[in-house]
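The questions below work through one protein model, from its overall make-up to single residues.

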Amino acid sequence: MNLIAKHAKMAVVIAVLCGATSGSLSAMTAIPAMGIGFLRLTIALPFFLIPALASEEKRSQLKAIRRRDLGLCVLSGVFLFGHFFSWFSAVKLTNVASAAVLASLHPLVVLLVTVFIMKKKVSWKSVLAILVALCGGAIIMGFDLNTLAGGHLAGNILGFLAGMFMGLYFSVGDAARKTVNGDIYVLLVFSACWVCFAGGVMASGTPILGYTFQDYLYVVLMAFICQIGSHAVFNMCIGHVNSLYVSTIESGDPVFSILVAVICLGQIPALYEIVGCIIVVGALLYYNYQESREETV
């Protein structure tokens, strides 16, 4: 934990690079979104569950966790489920570039939580930056000609929802991590998320068997690179850096996601996607700069 605390900001950057592979890997497997989430968490969860159960100290921490903290962890896991399902579905219905840029709008939720729930003042420059970022997202949704014909509309909406769920996930996680240790938090959040996916698989009748070796390989890669290398690291860092930092640094994800999609899927972004990406990422970076200045005043 001391190592995470010391290098938390760098760890967040590494987590972004790992997470950037998620869109392409999800698009390349034939497994449905609900199945991806269930299998990915089934593979990753034991790496957090077994050490916790094997340690008397961790078992004591689990038993001693307050009901409020447990509720926050579970709620965070539910929001993570919403993010995952929306994201996995989005990249199968639209290209990775559009989905990644729209999902990067999650600081909007963090801003709303900061203002209306935490009752903190936010500068007009920060608000303006978020509005500009939303305009960038609108460019992607509005200028996609296939959207007008019903082609990518569902994927774009799901990409936006993935961002909104991620914002809620970060905001709740920030509150929970103030009193819950990182490894315990990760275990509880991932467990709650897995329960949601297990219920979703059963309710929807989503098959999890019968796919090709390559399909399962992509899910295994997602479990280690994205679930452990990205989301677990994010959760461990929350508490050592604030959710605003994590959320806005993660806004660089679209750039790396687009590059991975070009290499792995041959998806060349259209001009409006490039313009939208530049506007969104630029606005969110400016937002992070403004919020950093506010914190130092």
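Q: Among contacts in the protein between residues at least 6 apart in sequence, what percentage join residues at least 24 apart?
A: This is a predicted model, in which local features need pLDDT of at least 70 and side-chain atom pairs count only at pLDDT 80 or more, while totals for chains, interfaces and linings use all residues. Residues are numbered from 1 along each chain as its sequence is written, and side-chain values use heavy atoms, with hydrogens and water left out. A contact means heavy atoms within 4.5 Å. Of the contacts between residues at least 6 apart in sequence, the share that joins residues at least 24 apart is 88%.

Q: How many helices does the protein have?
A: Helices (H or I, at least four residues) and strands (E, at least two) are DSSP runs, numbered from the N terminus. On that basis the protein has zero strands, and its helices number 17.

Q: What percentage of the residues of the protein count as buried?
A: Buried means under 20% relative accessible area, exposed means over 50%, and partly exposed lies in between (1.4 Å probe, protein chains only). The protein has 297 residues, and the part of them that counts as buried is 53%.

Q: Is helix α4 mostly covered or mostly uncovered, and how many of its residues are buried?
A: Helix α4 runs over residues 33-44 and reaches 17 Å from its first C-alpha to its last, close to the 16 Å expected at 1.5 Å a residue, where the expected span is 1.5 Å times one less than the number of residues. The buried residues of α4 include Met34, Ile36, Phe38 and Leu41, and those that are buried pack against α3 (22-28), α5 (46-54), α7 (67-93), α13 (182-204) and α14 (213-237). Helix α4 is mostly covered, and its buried residues number 10 of 12.

Q: Which helix gives the most to the lining of the largest cavity?
A: On a 1 Å grid over the protein atoms alone, a cavity is a set of points where a 1.4 Å probe fits but cannot get out, and lining residues have an atom within 4 Å of a point. The largest cavity is lined by 19 residues, of which Gly19, His83, Met166, Glu250 and Asp253 lie nearest its centre. The elements that give two or more residues to this lining are α7, α8 (96-103), α14 and α16 (253-265). With four residues, the helix that gives the most is α14.

Q: What volume does the largest cavity have?
A: The structure holds one cavity of 30 Å³ or more. A volume is the space filled by probe spheres set on the grid points, which are joined across faces, edges and corners. For the largest cavity it is about 200 Å³.

Q: Why does Lys6 count as exposed?
A: Lys6 lies in helix α1 (residues 2-6), and its C-alpha is separated by 9.9 Å from that of Cys237, 231 residues apart along the chain. Lys6 counts as exposed because its relative accessibility is 67%.

Q: Which residues does Ala27 touch, not counting residues up to four places away in sequence?
A: Ala27 is found in helix α3 and is partly exposed, with a relative accessible area of 27%. The C-alpha atoms of Ala27 and Leu265 are separated by 8.5 Å, although the two residues are 238 apart along the chain. Leaving out residues up to four places away in sequence, Ala27 touches Val91, Lys92 and Leu265.

Technical notes:
1 Å grid on protein atoms, 1.4 Å probe; cavity = no way out; pocket = protein on both sides within 12 Å on 5 of 7 lines; lining within 4 Å.
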